[in-house]
Amino acid sequence: MQNKTIAELSQSLQQGEFSSEELTRAYLDRIDKLDAQVNSYITVTADGALAAARAADEQRQAGQAGPLTGIPLAQKDIFCTEGVKTSCGSKMLDNFISPYDATVISKFKQAGAVMLGKTNMDEFAMGSSNETSFYGAVKNPWDLDAVPGGSSGGSAAVVAARLAPAATGTDTGGSIRQPAALCGITGLKPTYGRVSRYGMIAFASSLDQAGPMARTAEDCALMMNVMAGFDEKDSTSVDQAVPDYTTSLNDSIAGLKIGLPKEYFSEGLDNDVATAIEVAIAEYKKLGAEVVEISLPNTGLSVPAYYVVAPAECSSNLSRFDGVRFGHRCENPKDLTDLYKRSRGEGFGAEVKRRIMIGTYALSAGYYDAYYLKAQKVRQLISQDFKRAFEQVDVIIGPATPTVAFNLGEKTDDPVTMYLSDAYTIATNLAGLPGMSVPAGFVGKRPVGLQIIGNYFDEARLLNVAHQYQQTTDWHAQAPEAFK
Amino acid sequence: MQWEVVIGLEIHAQLATKSKIFSGASTAYGAAPNTQACAVDLGLPGVLPVLNKEAVRMAVKFGLANDCEITRRSVFARKNYFYPDLPKGYQISQFELPIVAKGHLEIELEDGSSKTVGITRAHLEEDAGKSLHEDFHGMTGIDLNRAGTPLLEIVSEPDMRSAKEAVAYMKKIHSLVQYLEICDGNMQEGSFRCDANVSVRLKGDEEFGTRTELKNINSFRFVERAINFEVERQIDVIEGGGAVVQETRLYDPDKGETRAMRSKEEAFDYRYFPDPDLLPVEIDDDYIESVRITLPELPNAKQQRFVTEYGIKPEDAATLTSSRVLADYYEATVKASEDAKLAANWVIGELLGALNKDGRELSDSPILPEMLGGIIIRIKDNTISGKIAKQVFTAMWEGEGDADSIIEAKGLKQVTDSGAIEKIIDEVLANNPKQIADYKAGKEKMLGFFVGQVMKASQGKANPGQVNQLLKQKLQE
Amino acid sequence: MSLERSDVDKIAQLARLEIAENDVPEVARNLSNILDLVAQMDSVNTDDVEPMAHPLEMAQRLRDDVVTEKDRRDQFQTVAPQVENGLYLVPKVIE
């Protein structure tokens with residue numbers, strides 16, 4: 001049961017092989033037995049899940065089932081869920097029971113999906129290894145000594161370890177694609193504005209975007225059909241028709257023009273990862289795609305620009321966590337400043353504090369032009385690189401990460417090295433473009449992710465390109481030994 | 001030494017929208033604490049702002065009324081600082097690109113002259129909540145109902161040179177925002193507030209002196225007092241060999257003085273940057289024209305029309321157009337009475353006097369325009385004299401009914417029967433032989449004495465014109 | 001770019017973050033390293049480049065002026081650290 005995709009489960013449920021309640025119980029049992037090894041859930045909502053599953057079964061009996069009705073899913077703990085703890089991986093919100101649902105959550109509820117629980121994540125989505133979580137690091141199901149990536153590391157691990165068929169993630173600088181790559185699953189970061197950000201706890205508002213993390217591109221398409229769309233509660237959400245992402249999955253990709261950015265294949269890329277990517281490219285050629293080398297000359301500036309823009313926005317976004325209306329409050333504050341400084345000092349972990357401080361500094365008087373304004377200009381240059389590239393090619397392909405998963409603890413003492421592990425994913429967030437990571441092999445026990453970047457609102461094509469690859473490869477279908 | 005005072009004002013007008021600037025919560029005043037603070041106003045994790053259409057329209061309306069440039073692409077920015085009444089730790093405001101840019105406004109001064117005051121900008125922002133300092137076991141209570149109420153911050157150039165000019169400017173803006181129906185102007189409820197930037201310099205100096213910012217000035221009276229206090233303080237500091245410190249000071253109306261704000265001691269660094277949750281607000285010509293056609297007649301135009309259409313004095317027209325409600329009241333009175341000049345006299349003289357005496361707003365006046373018109377009609381048709389009419393007005397103010405019923409009930413109807421008046425004249429003349437002799441000896445001023453006596457004897461009800469005429473006849477006999 | 005202890009103190013104060021005295025040197029070192037990374041931006045000339053605040057070239061959509069929210073104070077205040085008479089309590093604010 002646990003090896004079935006959403007598409008397969010949906011069929012099984014429809015054919016009455018098992019009920020949603022049985023399916024949900026099976027997953028809850030697996031979580032109970034196996035999650036201690038990976039620490040991928042912060043909260044498991046067993047009672048709510050079973051109630052939702054029974055409601056879904058009734059809905060199915062009434063003949064009102066959609067593709068996601070009764071499908072168990074895990075939600076990243078960054079999405080507000082009414083009546084359920086929403087911690088964002090932080091001590092700051094350890095006591096926060098959200099009084100409302102994020103739009104993404106409401107949409108899944110409406111679609112009849114069953115929430116199994118809330119997944120572990122880097123604190124406030126700030127991290128690339130899931131080691132900044134207040135709830136402890138998540139382990140990579142493929143190799144328990146390795147990180148799962150981050151910040152949606154819990155969601156990636158959940159899917160890889162078959163502790164849910166699929167999960168949601170959010171991606172500010174690679175937080176869906178990098179953990180998807182490191183855990184050997186399929187993840188999509190949509191175009192900025194495609195999925196509502198309402199109720200998704202903000203890290204960097206001009207970069208954050210929610211997306212699906214699943215085993216296959218087809219499952220991602222099924223989830224996108226629910227998640228995508230205009231939301232009047234989000235001013236940055238785009239009012240543009242949402243296609244049925246499943247209809248074009250089987251389109252031929254013969255004649256597809258693929259660009260390979262030379263900057264993604266240069267210094268810093270692990271040789272074994274490079275080899276795996278080359279094999280994948282050869283596969284695309286076999287499928288009839290045309291491959292050309294392109295250049296995204298400002299790629300190297302994406303990490304530096306990101307570490308101004310994202311911290312600047314986060315320093316402001318996280319000011320609301322002040323111990324007054326919700327969240328952690330220090331004991332016996334002696335005055336207002338003490339209340340603020342200790343509540344925030346105790347409630348936030350080291351990485352969050354680091355980024356708040358960098359952002360505060362970058363926006364402060366005398367430094368704004370040199371840092372924030374400069375970063376906005378570099379952001380423009382990076383965005384223009386992509387605009388030029390998409391005049392020549394349909395999609396851009398390259399590695400999702402420079403290396404496979406690194407060891408737990410390997411980079412925790414060196415923030416800058418950690419930041420560079422997102423070198424290939426950050427630029428698309430700065431530009432607002434959609435990107436995917438698709439399983440494309442292994443280096444030893446650890447998975448390799450192939451990144452596919454598309455033009456604005458070209459998610460359907462990305463899913464098609466990924467799906468076609470998954471029809472001729474089986475990397476995505478493999479499961480870690482301990483979680484088969 | 002001759003000092004010159006330099007004042008610029010920052011006026012905060014709460015816009016009269018139904019819902020908040022970035023959320024669907026009500027802006028109604030006076031609700032129980034925090035019952036009108038929704039998830040967005042509270043800054044709960046994950047919430048997002050969506051801009052209120054009406055707030056934008058009102059800001060543009062203000063701009064158009066003052067010949068301001070309307071910014072075609074304005075941007076919301078975050079102003080970052082920590083304060084318990086500021087839920088998100090930042091205020092959504094506008095910084096580099098405000099929706100309304102340069103314009104100007106004409107103000108009238110007490111000596112009858114006028115002066116142009118530059119408007120630097122007017123930008124949209126959200127109001128903060130309120131801190132209640134009553135003792136909650138030594139703590140402060142926070143009510144966020146007001147958080148997110150739309151504000152238009154109107155920033156003037158430092159063009160004012162006295163507290164009186166500052167008051168004239170503030171009154172003009174106060175009147176204007178009500179004319180435009182974009183703010184209710186209620187200063188008690190904080191709908192219209194003002195901060196003043198004050199500095200002094202030696203007359204003739206080019207450079208401005210160091211300024212202080214005075215906060216919390218919520219009445220016209222306080223503006224004048226606060227500025228005058230601050231000017232004296234600054235002059236004392238400089239003449240005492242010291243230097244004015246640039247700082248924010250709070251006006252304490254009880255003590256009538258300003259003091260440095262402790263909460264603002266720390267150097268401020270607001271770290272403004274474009275709000276990534278909001279996109280640029282784009283305004284095109286069609287939109288601007290659609291707002292322009294909704295502009296009402298503005299005070300200056302109305303004042304001129306009153307002079308030409310009603311033939312009243314310019315200063316009276318200025319008084320009557322000082323607020324839209326007063327102008328509307330006057331015009332309704334004109335309509336009811338069909339006498340524009342008498343209506344002006346009665347509105348300015350009796351009505352405003354009575355309101356002022358009772359400390360009431362025009363909206364609370366017990367006398368409606370139709371009722372005041374009723375008095376004027378009875379003056380014109382000689383039913384009552386002007387003097388009696390004042391008695392009628394007083395009775396009406398006390399709620400005793402309309403003009404006719406008061407005249408009837410109190411028997412105030414003017415006596416126009418010549419026979420009855422002659423009878424009173426005869427009695428008066430019979431009682432004052434000495435004064436008759438004086439009159440006949442050439443003291444013509446004595447006529448006034450006789451008129452007064454007759455009026456008194458008739459309890460004011462005799463028609464003064466008839467009394468005059470009949471007395472002259474009788475005295476010549 | 002090398003940050004001093006005083007810089008860290010100043011930033012921490014602006015951001016209202018308590019940083020333990022012992023941690024300041026490490027924080028200063030990490031922040032300095034990040035600023036060095038960020039300084040790589042200086043390698044490109046951006047004089048004539050328009051700053052990009054947002055990935056999408058869109059205008060702000062406006063909402064109708066309608067009251068849609070109801071009083072949910074009790075629910076919202078269940079997650080509040082300290083309330084009384086419907087008010088959020090904080091240490092005394094001195095103006």
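1. The radius of gyration is taken here over C-alpha atoms, and the globule rule is 2.2 Å times the number of residues to the power 0.38. For the 484 residues of chain A, a compact globule would have a radius of gyration near 23 Å; chain A has 21 Å, which agrees. The C-alpha trace of chain A spans about 65 × 50 × 45 Å along its principal axes.

2. This is a predicted model: local features need pLDDT of at least 70 and side-chain atom pairs count only at pLDDT 80 or more, while totals for chains, interfaces and linings use all residues. Residues are numbered from 1 along each chain as its sequence is written, chains are lettered from A and ligands numbered from 1 in the order in which they are written, and side-chain values use heavy atoms, with hydrogens and water left out.

3. Chain A has 15 helices and 11 strands (DSSP runs numbered from the N terminus: helices are H or I with at least four residues, strands E with at least two). Of its 484 residues, 70% count as buried, meaning under 20% relative accessible area with a 1.4 Å probe, protein chains only. Among contacts in chain A with a separation of 6 or more, 76% come from residues 24 or more positions apart; contact means heavy atoms within 4.5 Å.

4. Between chain A and chain C, the contact takes 72 residues from chain A and 51 residues from chain C. The two bury about 5,200 Å², 69% of it on carbon and sulfur atoms (accessible area, 1.4 Å probe, lost on being put together and summed over both parts). The count of salt bridges here is 0, where a salt bridge is a side-chain nitrogen of Lys or Arg within 4 Å of a carboxyl oxygen of Asp or Glu.

5. The rule finds 13 residue pairs in polar contact between chain A and chain C, both at pLDDT 80 or more. Elements giving two or more residues to the chain A side include helix H9 (302-317) and helix H12 (369-392) of chain A. The largest share of that side, 13 residues, comes from H12(A).

6. Chain B and chain A bury about 2,800 Å² between them, 60% of it on carbon and sulfur atoms. Their contact takes 30 residues from chain B and 39 residues from chain A. The rule finds 1 salt bridge across this interface: Arg197(A) with Asp277(B), the closest N and O atoms being 3.1 Å apart.7. A polar contact is a pair of N or O atoms within 3.5 Å; within protein, one must be able to donate a hydrogen and the other to accept it, and residues adjacent in sequence count only if both atoms are side-chain atoms. Chain B and chain A have 17 such residue pairs across their interface, both at pLDDT 80 or more.

Terms used. Buried means under 20% relative accessible area, exposed over 50%, partly exposed in between (1.4 Å probe, protein chains only).
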